[in-house]
Amino acid sequence: MTNSLPIPVIVNGAGGKMGREVIKAVAASPDMTLLGAIDHNPAYLEQDAGTLAGIDPLEVPIMNDREGLLAMAAQEKQLGVMVDFTHPDSVYDNIRAAIAYGVRPVVGTTGLSPTQIQELAEFADKASTGCLLIPNFSIGMVLLQQAAISASRYFDHVEIIELHHNQKADAPSGTAVQTAQLLAELGKTYNVPLVKETEKLTGARGAEAGEGIRIHSVRLPGLIAHQEVIFGAAGQIYTLRHDTSDRSCYMPGVLLAIRKVVQLKTFVYGLEKIL
Ligand SMILES: NC(=O)C1=CN([C@@H]2O[C@H](COP(=O)(O)OP(=O)(O)OC[C@H]3O[C@@H](n4cnc5c(N)ncnc54)[C@H](OP(=O)(O)O)[C@@H]3O)[C@@H](O)[C@H]2O)C=CC1
Ligand SMILES: O=C(O)C1=N[C@H](C(=O)O)C[C@H](O)C1
């Protein structure tokens with residue numbers, strides 16, 4: 001419908017690296033309106049969300065008032081959406097709070113445990129509230145994961161290396177965990193050792209993520225977000241690699257998720273499920 005009201009969007013983590021990108025993307029989308037901007041960092045409080053994001057003022061101040069803004073969104077005629085790019089320690093409570101107010105969460109924050117994800121899925125499904133948890137919003141990563149699934153039919157040995165900026169709180173990355181899960185779900189065990197391996201330094205062989213798949217995490221200034229999935233077989237190596245050079249790469253996925261989540265009544269994990 002062309003004459004429907006814009007989707008009211010709250011951005012949680014509004015002052016952060018991803019939050020600012022989301023504010024720009026929402027402001028540039030005629031079918032959305034920025035209803036509120038949340039951040040707990042005192043340096044951002046009361047600043048205009050648009051100005052902080054580097055665009056014209058939006059007359060939306062950054063506030064540390066999640067409950068107040070969710071209550072406001074619950075009053076809107078159109079279903080509201082809360083986009084969350086905060087921190088692994090707070091995202092679980094943020095999602096539960098949004099669902100409790102009937103506000104649809106679109107979540108990019110990583111670092112939730114499998115148990116937490118299961119609990120959130122049950123909570124959203126029980127409330128018949130759409131909720132999207134997307135470890136990676138870039139189309140390039142979805143394509144990499146699909147290529148990895150195809151390759152795993154022919155390769156029995158694989159390791160994952162993820163490389164990120166050194167302000168990242170969680171390791172391994174949510175994307176690497178999801179990539180390993182997608183490969184592990186295919187019903188085979190990888191990397192059966194040929195010799196007895198001994199780690200002379202703890203962690204040298206990375207973290208075991210199930211079915212023998214190992215993840216290695218690199219953190220350095222100068223990086224943004226990068227991932228390699230390396231397959232090996234006798235006499236050959238097949239490497240899949242994704243590199244980001246700007247966080248704008250995630251925005252088409254975030255906007256798609258905002259538009260989709262208001263049509264959903266269940267919990268959905270992964271961008272590939274809504275493409
Ligand atoms: N799914 C995807 O495609 C992507 C996911 N991510 C994930 O998104 C998350 C955020 O990343 P990024 O933007 O780089 O991180 P930043 O640290 O740049 O931004 C997070 C912002 O949220 C604030 N914040 C943290 N906790 C709370 C809280 N409880 N209430 C309100 N505000 C809070 C932080 O404030 P302060 O710094 O003071 O704590 C900060 O301003 C990470 O988990 C990251 O892995 C990132 C990129 C893509
Ligand atoms: O912290 C980041 O930057 C990113 N986090 C997500 C993850 O943990 O997978 C997505 C992307 O890798 C960027």
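Two strands are said to pair if DSSP finds at least two bridges between them, and helices (H or I, at least four residues) and strands (E, at least two) are DSSP runs numbered from the N terminus. With that settled, colleagues, let me turn to the chain.

What we have is a predicted model, in which local features need pLDDT of at least 70 and side-chain atom pairs count only at pLDDT 80 or more, while totals for chains, interfaces and linings use all residues. Residues are numbered from 1 along each chain as its sequence is written, chains are lettered from A and ligands numbered from 1 in the order in which they are written, and side-chain values use heavy atoms, with hydrogens and water left out.

I begin with the hairpin of β10 and β11. Two residues lie between its strands, and G235 there takes a positive phi near 75°. The two strands, β10 and β11 (residues 236–243), pair in the antiparallel sense over eight bridges. On its other pairing, β10 meets β7, again antiparallel and over eight bridges. Which residue links these two pairings? E228 of β10 stands opposite I161, and the bridge partner of E228 in β11 is R241.

Is β10 enclosed or open? Seven of its nine residues are buried, so β10 is largely enclosed by the rest of the structure. Here buried means under 20% relative accessible area, exposed over 50%, and partly exposed in between, with a 1.4 Å probe and protein chains only.

Helix α7 (residues 174–184) is also largely enclosed, because nine of its eleven residues are buried. Among them are G174, T175, Q178, L182 and L183. The cover over these buried residues includes α6, β7 (157–164), β9 (214–219), β10 (225–233) and β12.

S152 deserves a moment. This residue is found in helix α6 (residues 139–152), and at 1% relative accessibility it counts as buried. Leaving aside neighbours within four places in sequence, S152 is in contact (heavy atoms within 4.5 Å) with L183, L186, K188, Y190 and F231.

UniProt positions are given in the numbering used here, feature names are shortened, and annotations may be inferred rather than shown by experiment. The span 140–275 is 26% helix and 26% strand, and its end C-alpha atoms lie 13 Å apart.

The same record gives residues 7–137 as "domain: Dihydrodipicolinate reductase N-terminal", likewise in an unreviewed entry. Over that stretch the chain is 37% helix and 20% strand, with end C-alpha atoms 19 Å apart.

Now to the sheet. Seven strands form an open sheet with parallel pairing, in the order β3-β2-β1-β4-β5-β6-β12. Which strands stand at the edges? They are β3 (62–63) and β12 (267–269), each with a single partner strand, so one side of each is left without a neighbour in the sheet.

Further in, β1 is mostly covered, with six of its six residues buried. From β1, I7, V9 and V11 point one way and P8, I10 and N12 the other. Six bridges join β1 to β2 in parallel, and N12 stands opposite I38 in β2. Strand β2 (residues 32–38) is in turn joined to β3 by two bridges, also running parallel, with A37 opposite I62.

Finally, the helices. Seven of the ten residues of α4 (residues 91–100) are buried, so α4 is largely enclosed by the rest of the structure. Its buried residues include V91, Y92, N94 and I95. Among the elements covering them are β1 (7–12), α3 (66–75), β4 (81–84) and α5 (114–126). Just after α4, G102 takes a positive phi of about 75°.

Two packed helices are described by the angle between their axes and the distance between the axes. For α4 and α5 the angle is about 5° and the axes are 10 Å apart. Axes are lines fitted to C-alpha atoms, for helices over the stretch in contact, and angles run from 0 to 180 degrees between N-to-C directions. That makes α4 roughly parallel to α5, a label for angles under 35 degrees. The contact is made by Y92, I95, R96, I99 and A100 of α4 and Q116, E119, L120, F123 and A124 of α5.

Key. Parallel < 35°, antiparallel > 145°, perpendicular 65-115°, else oblique.
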